[in-house]
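Colleague: I am new to this structure and would like to learn how to read its helices. Could we go through them one feature at a time?

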Amino acid sequence: MKLKICLSWAAVAVWMLIIFGFSAQPAHESSQISHGVTKVIVDTVEKIAPSAEFDISQLNHIVRKNAHFFVYFALALLVFNAVRMHGMKGFKGFVLALCICAVYAATDEFHQSFVPGRGPQARDVLIDSSGAFLGLCIYSLFVKIKDWKKGEVSVPVGLSQSKSR
């Protein structure tokens, strides 16, 4: 069990290092990556709908913000798993995992203030935290469904198969 706990926190640390690496990229490098992703999206959509028109800069902005959201969505899954492995489940575990993700998002934005061409944005912390929150909600939902199927959680009102008369 201790090995599982260590591995779960190691996965969190690795993911945080990946986030740190992306944040450490100067603006021009980060922009090249997101423009590459945007180009792949545009090329794919044009194959499906050749007459589609795009505002490339707007689409690139959406790609960048979605990257924030989903990177922290994944971080939240890893953090919540590690917190639960440590024995903190339920609402307390949810709140702790959310706090860890939100604090990391804030420190990540602060870190960007030292990177050429980049700067901290409170909006990005909100996007990151929203991604983390959704990830935690979905993780919690799957845990509830799993527990319900095992019979460890009572059936919610209205979902019982037996009809009372």
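Colleague: Which helices do the buried residues of α1 pack against?

Modeller: First, the basis: this is a predicted model, in which local features need pLDDT of at least 70, side-chain atom pairs count only at pLDDT 80 or more, and totals for chains, interfaces and linings use all residues. Residues are numbered from 1 along each chain as its sequence is written, and side-chain values use heavy atoms, with hydrogens and water left out. Helices (H or I, at least four residues) and strands (E, at least two) are DSSP runs, numbered from the N terminus. Contact means heavy atoms within 4.5 Å. The buried residues of α1 pack against α3 and α4.

Colleague: Which residues of α1 are buried?

Modeller: Buried means under 20% relative accessible area, exposed over 50%, and partly exposed in between, with a 1.4 Å probe and protein chains only. In α1, Ile5, Ser8, Val12, Met16, Ile19 and Ser23 are buried. Viewed down the axis of α1, these residues fall within an arc of 75°, so they line one face of the helix. The arc is that of the directions from the helix axis to the C-beta atoms. Lys2, Leu3, Cys6, Leu7 and Leu17, on the other side of α1, are exposed.

Colleague: How is Ser23 placed, buried or exposed?

Modeller: Ser23 has a relative accessible area of 3% and is buried. Apart from neighbours within four places in sequence, Ser23 is in contact with Asp108, His111, Gln112, Val115 and Arg118.

Colleague: What describes two packed helices?

Modeller: The angle between their axes and the distance between the axes. Axes are lines fitted to C-alpha atoms, for helices over the stretch in contact, and angles run from 0 to 180 degrees between N-to-C directions. For α1 and α3, the angle is about 160° and the axes are 9 Å apart. Angles under 35 degrees count as roughly parallel, over 145 as roughly antiparallel, 65 to 115 as roughly perpendicular and the rest as oblique. The helices α1 and α3 are therefore roughly antiparallel to each other. Residues making this contact include Trp15 and Ile19 of α1 and Leu75 and Leu78 of α3.

Colleague: At what angle do the axes of α1 and α4 cross?

Modeller: They cross at roughly 30° and come within 10 Å. That makes α1 roughly parallel to α4. Among the residues in this contact are Phe20 and Ser23 of α1, and Tyr104 and Asp108 of α4.

Colleague: What is the handedness of each crossing?

Modeller: A crossing is left-handed if the near helix is turned anticlockwise from the far one by less than a right angle, and right-handed if clockwise. By that rule, α1 passes α3 in a left-handed crossing, and α1 passes α4 in a right-handed one.

Colleague: What span should the 23 residues of α4 have?

Modeller: The expected span of a helix is 1.5 Å times one less than its number of residues. For α4 (residues 90-112) that is 33 Å, and the end C-alpha atoms are 33 Å apart, which agrees. The 30 residues of α3 should span 44 Å, and the end C-alpha atoms of α3 are 43 Å apart, which also agrees.

Colleague: What do the buried residues of α4 pack against?

Modeller: They pack against α1 (2-23), α3 (56-85) and α5 (122-150). Gly93, Phe94 and Ala97 are among the buried residues of α4. Ala106, found in α4, is partly exposed, with a relative accessible area of 36%.
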